[in-house]
Amino acid sequence: MGEGNVPGALGNIDPTQFVEDFKSGWLYLGEQSYEDADRVGMTGFCFGGGVTWQMAVNMPELLAAIPYYGPHPLVADVPKINAAVLGIYGELDSRINGGIPAIEEAMAANGKIYKKMIYLNANHAFNNDTGGRYSPEAAQDAWVQSLAWLEKYVRNV
């Protein structure tokens with residue numbers, strides 16, 4: 001399968017499979033003596049950003065979620081979110097950004113921890129250093145912000 005076919009192939013998989021796969025990995029880590037499975041956070045990019053949102057909805061144990069330009073969950077699912085969510089977006093990504101106001105409003109209305117970072121002149125996939133939309137400045141700052149978020153909501157719990 002060529003690289004261009006991967007998004008289509010992933011779209012044909014039942015979304016609950018991704019949630020169950022992550023939960024299985026988390027349960028496995030919980031069995032390891034060197035891990036603290038009570039401190040779990042997740043980040044994902046593009047399709048993985050959507051999976052990260054779905055984990056926030058479906059895994060109450062998740063402490064932090066950092067979806068990079070991922071499709072938002074249904075507003076009706078926001079009450080299920082316990083994780084502190086840092087949404088990372090590129091200003092030029094109109095497809096994903098169109099959902100920001102609704103998710104932001106739902107997160108606030110439900111008393112959820114949510115912060116958004118919108119990087120000026122950056123597009124979808126601005127963190128992908130192998131693609132034409134790569135923005136080194138935005139990618140570097142977003143990574144610093146992501147690490148600080150994990151430090152605050154996962155490491156220092």
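**Touring a predicted model**

Visitor: What relative accessibility does K80 have, given that K80 counts as partly exposed?
Guide: Here's the scale: buried means under 20% relative accessible area, exposed means over 50%, and partly exposed is in between (1.4 Å probe, protein chains only). K80 counts as partly exposed because its relative accessibility is 44%.

Visitor: What kind of model is this?
Guide: Residues are numbered from 1 along each chain as its sequence is written, and side-chain values use heavy atoms, with hydrogens and water left out. Local features need pLDDT of at least 70, side-chain atom pairs count only at pLDDT 80 or more, and totals for chains, interfaces and linings use all residues, this being a predicted model.

Visitor: Which residue forms a salt bridge with K80?
Guide: A salt bridge needs a side-chain nitrogen of Lys or Arg within 4 Å of a carboxyl oxygen of Asp or Glu. With closest N and O atoms 3.4 Å apart, K80 bridges to D77.

Visitor: How many salt bridges are there by this rule?
Guide: One of them joins R39 and D36, at 3.3 Å from N to O. R39 is partly exposed because its relative accessibility is 37%, and D36 is partly exposed too, because its value is 39%. By this rule the count is four.

Visitor: Which helix holds both R155 and E151?
Guide: Their side chains meet in a salt bridge, 3.4 Å from N to O. R155 is exposed because its relative accessible area is 55%, whereas E151 is partly exposed because it has 32%. An α-helix has 3.6 residues a turn, so residues three or four places apart point the same way. R155 and E151 sit four residues apart, about one turn, in helix 6 (residues 136–155).

Visitor: Which strands do the buried residues of helix 3 pack against?
Guide: The buried residues of helix 3 include W53, M55 and V57. Contact means heavy atoms within 4.5 Å. Besides helix 2 and helix 5, the buried residues of helix 3 pack against strand 1, strand 2, strand 3 and strand 4.

Visitor: How many aromatic pairs are there by the ring rule?
Guide: Rings of Phe, Tyr and Trp (its six-membered ring) pair if their centres lie within 6.5 Å; planes under 30 degrees apart are stacked, over 60 edge-to-face, and the rest tilted. By this rule the count is eight.

Visitor: Which helices are linked by the F18 and F47 pair?
Guide: The F18 and F47 pair is edge-to-face, with 5.2 Å between centres and 75° between planes. The two residues are 29 apart in the chain, and their pair links helix 2 and helix 3.

Visitor: What angle lies between the ring planes of F45 and Y68?
Guide: The ring centres of F45 and Y68 are 4.3 Å apart, and the pair is tilted, with planes at 40°.

Visitor: Which residues join F45 and Y68 in a cluster?
Guide: F45 is in strand 1 and Y68 in strand 2, 23 residues apart. Y68 counts as buried because its relative accessibility is 0%. Ring pairs link F45 and Y68 with Y69, Y119 and F126.
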